[in-house]
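Thanks for coming, everyone. Please have a look at the sequence and the structure before I start.

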Amino acid sequence: MTASAQARAPSTERLKLVFEDADVVVIDKPPGVAVHEAKGILKRHTVLGMLEKKYRAEGVAPRLVHRLDRDTSGLLVVAKTPTAARTLEQAFANSLVEKEYTCLVAGRLDRNRGV
């Protein structure tokens, strides 16, 4: 990797930890960082890859329980234990987690509502 590529590569320093305990970590994910690997996105440049590296020495294998798009910022909950992952996955699947989205639009919308 070139020096300029290393400078651009995300690191856990870009991830602001909002909350952490033995079971979960909550991150304020910045825009432009992918949550998981995909075509053209190396795992080490993703939130999951960065967290795996951070917690490897502790024997913790972080697990995603929901996702945010790469260009979306916001809070991301990541399980640190299998039990927490199961519990959180069920909570998200059963709509027990309340989500709120805010969108910034440049320009004017024709209607106040829509899809």
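Which residue in strand 4 is the bridge partner of Val25? The answer is Val78. One caution before going on: this is a predicted model.

Let me stay with strand 4, residues 74–79. Strand 2 pairs with strand 4 over six bridges, in the antiparallel sense. On to strand 3, residues 63–64. Strand 3 also runs antiparallel to strand 4, and two bridges join them. Here Val78 turns up again, as the bridge partner of Leu64.

Now the core. The largest nonpolar core has 15 residues. Val47, Leu51 and Leu76 have the most contacts inside it. Helix 2 provides the largest share, five residues.

What does Leu76 touch, leaving out residues up to four places away in sequence? The list includes Val25, Val26 and Ile27. Val35, Val47 and Leu64 are on it too.

Another core lies apart from the largest one. That one has seven residues, among them Val65, Ala84, Ala85 and Phe92.

Last, the largest pocket. Its volume is about 270 Å³. The lining consists of 15 residues. Nearest the centre of the pocket lie Leu68, Leu75, Lys99, Glu100 and Tyr101. By type, the lining has six nonpolar, five polar and four charged residues. And which strand gives the most to this lining? Strand 4 again, with three residues.

Conventions:
Residues numbered from 1 in each chain as written. Predicted model: local features only at pLDDT ≥ 70, side-chain atom pairs only at ≥ 80, totals over all residues. Heavy atoms only, no water. 1 Å grid on protein atoms, 1.4 Å probe; cavity = no way out; pocket = protein on both sides within 12 Å on 5 of 7 lines; lining within 4 Å. Points joined across faces, edges and corners; volume = space filled by probe spheres on them. Helix = DSSP H or I, 4+ residues; strand = E, 2+ residues; numbered from the N terminus. Nonpolar A, V, L, I, M, F, W, Y, C, P; charged D, E, K, R; others polar. Core = buried A, V, L, I, M, F, W, Y, C linked by side-chain atoms within 4.5 Å. Buried < 20%, exposed > 50% of the residue type's maximum accessible area, 1.4 Å probe, protein only. Contact = heavy atoms within 4.5 Å. Pairing = 2+ DSSP bridges.
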